[in-house]
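This briefing concerns aromatic rings and their surroundings in one protein. Please look through the sequence and the structure before reading the points below.

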Amino acid sequence: MKIKRKEKEMRILMVGLDNSGKTTIVLKINGEDTSVISPTLGFNIKTINTRNLILGFGRYTLNIWDVGGQRTIRSYWRNYFEQTDGLVWVVDSSDLRRLDDCKMELDNLLKEERLSGASLLILANKQDIKGALTQAEIAKVRLLVDN
């Protein structure tokens with residue numbers, strides 16, 4: 001007797017400071033054009049079905065919530081926390097002057113009780129830009145650990 005696998009749905013919240021590349025990442029994952037992108041003033045939702053991908057962990061529908069990162073929008077991030085399965089924190093590796101802001105915002109997110117069960121992925125974006133910090137250098141800035 002065959003066991004039918006139930007398709008699972010996951011809610012992924014993609015956040016980070018403005019201009020970190022969140023929208024570009026989501027569009028690239030979805031195979032969409034990235035030649036013209038404007039700042040996200042609110043949010044975008046993209047749904048990706050993994051049944052066509054070879055991931056080795058079953059069938060999933062990923063609902064990726066790409067939320068704007070401008071300072072004036074960050075206070076609204078909490079409106080997107082409910083039922084979040086995964087949190088993707090995008091760091092602009094080339095924006096050295098805002099790494100402290102980046103760390104502070106991530107620290108604030110990690111204190112949120114509604115995100116306590118969510119998995120966290122920190123994505124060091126824009127590694128291809130000259131002068132960008134490596135993943136190890138970003139970790140040394142204590143972005144990942146506060147103690």
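In this predicted model, Arg11 lies over the face of Trp65, at 4.1 Å from the ring centre; a charge sits over a ring if NZ of Lys or CZ of Arg is within 6 Å of the ring centre and within 35 degrees of the ring normal. Local features need pLDDT of at least 70, side-chain atom pairs count only at pLDDT 80 or more, and totals for chains, interfaces and linings use all residues. Residues are numbered from 1 along each chain as its sequence is written, and side-chain values use heavy atoms, with hydrogens and water left out.

**Aromatic pairs**
- The structure contains 4 aromatic pairs (ring centres of Phe, Tyr and Trp, the last by its six-membered ring, within 6.5 Å; planes under 30 degrees apart are stacked, over 60 edge-to-face, the rest tilted).
- Phe43 and Trp65 form a stacked pair, because their ring centres are 5.3 Å apart and their planes stand at 25°.
- Phe43 belongs to strand 2 (residues 43-49) and Trp65 to strand 3 (residues 60-67), so the pair ties together parts 22 residues apart in sequence.
- Ring pairs link Phe43, Trp65 and Tyr80 into a cluster.

**Burial**
- Trp65 is buried, at 17% relative accessible area, whereas Phe43 is partly exposed at 40% (buried is under 20%, exposed over 50%, partly exposed in between, with a 1.4 Å probe and protein chains only).
- Of the protein's 147 residues, 40% count as buried.

**Overall fold**
- The protein has 4 helices and 5 strands (DSSP runs numbered from the N terminus: helices H or I of at least four residues, strands E of at least two).
- Along the sequence, the pattern is β-α-β-β-α-β-α-β-α.
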